[in-house]
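Q: I am new to this structure and would like to learn how to read it. Could we go through it feature by feature?

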Amino acid sequence: IGMGLTGFGVFFLFFGMMLFFDKALLAIGNILFVAGLSFVIGLERTVRFFFQRHKAKATSFFLGGIFVVLTGWPIIGVVLEIYGFFLLFGFFPVAVGFIRRVPVIGSLLSLPGIRTLVDKIGESNAMV
């Protein structure tokens, strides 16, 4: 049941974005995704995952984005959700490592000012 709810949630989120940020589809997708996640790992572990002290910023962005979508501002809400999702699940260091291996973009990320900025962001995400 949990995998199905999560899958339908991702489908509705994707479909809602493809239909120019349809509020209803995004709201359904958000609710299904969080419900599916709760079914997959359990309610207690879901609460423990989201409400850890060092993940407060990420959780507030993710859940705040869901709230903003539900109140009727889908584009702003999805941007907040995506940022919170990346902070929660730690994709940033992996993505930067992959992008640094791309020929042109990798050399741009190695420039002095950009490198320190990306490294600083990566360090703050590594704690999360």
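Q: Is the crossing of α1 and α2 left-handed or right-handed?
A: This is a predicted model. In it, α1 and α2 make a left-handed crossing.

Q: At what angle do the axes of α1 and α2 cross, and within what distance do they come?
A: Two packed helices are described by the angle between their axes and by the distance between the axes. Here the axes of α1 and α2 cross at roughly 155° and come within 7 Å. An angle over 145 degrees counts as roughly antiparallel, so α1 and α2 are roughly antiparallel to each other.

Q: Which residues of α1 and α2 meet, and how do they divide by class?
A: On the α1 side, the residues in contact include Gly2, Leu5, Phe8, Phe12 and Met17. Those they meet in α2 include Leu25, Ile28, Asn30, Phe33 and Val40. The contact of α1 with α2 has 17 nonpolar and 7 polar residues, and no charged ones.

Q: What overall setting do these helices belong to?
A: The protein has 8 helices and 0 strands. Read from the N terminus, the order of elements is α-α-α-α-α-α-α-α. The C-alpha atoms fill a box of roughly 45 × 35 × 25 Å along the principal axes.

Q: How do α4 and α5 lie relative to each other?
A: Helix α4 covers residues 56-71, and its axis comes within 7 Å of that of α5, crossing at roughly 155°. The pair is therefore roughly antiparallel. The crossing in which α4 passes α5 is left-handed.

Q: Which residues make the contact of α4 with α5, and what are their classes?
A: From α4, the contact includes Lys57, Phe61, Phe62, Ile66 and Val69. From α5, the residues include Pro74, Ile76, Leu80, Tyr83 and Leu88. By class, this contact divides into 14 nonpolar, 4 polar and 2 charged residues.

Q: Are α2 and α5 roughly parallel or antiparallel?
A: Their axes are 11 Å apart, and the helices pack at an angle of about 25°. Angles under 35 degrees count as roughly parallel, so α2 and α5 are roughly parallel to each other. Here too α2 passes α5 in a left-handed crossing.

Q: Which residues join α2 to α5?
A: Lys23, Leu26, Asn30 and Phe33 of α2 meet Pro74, Val78, Glu81 and Phe85 of α5. Of the residues in this contact, 5 are nonpolar, 1 is polar and 2 are charged.

Q: What is the volume of the largest pocket, and which residues are closest to its centre?
A: The largest pocket has a volume of about 270 Å³. It is lined by 13 residues, of which Leu13, Met17, Glu81, Ile82 and Phe85 are the closest to the centre.

Q: Which helices supply the lining of the largest pocket, and of what classes are its residues?
A: At least two residues each come from α1 (2-18), α2 (23-41) and α5 (74-89). The largest share, 5 residues, is from α5. By class, the lining has 11 nonpolar residues, 1 polar and 1 charged.

Methods: Residues numbered from 1 in each chain as written. Predicted model: local features only at pLDDT ≥ 70, side-chain atom pairs only at ≥ 80, totals over all residues. Heavy atoms only, no water. 1 Å grid on protein atoms, 1.4 Å probe; cavity = no way out; pocket = protein on both sides within 12 Å on 5 of 7 lines; lining within 4 Å. Points joined across faces, edges and corners; volume = space filled by probe spheres on them. Helix = DSSP H or I, 4+ residues; strand = E, 2+ residues; numbered from the N terminus. Nonpolar A, V, L, I, M, F, W, Y, C, P; charged D, E, K, R; others polar. Axes fitted to C-alpha atoms, helices over the stretch in contact; angles between N-to-C directions. Parallel < 35°, antiparallel > 145°, perpendicular 65-115°, else oblique. Left-handed = near helix turned anticlockwise from the far one by under 90°. Contact = heavy atoms within 4.5 Å.
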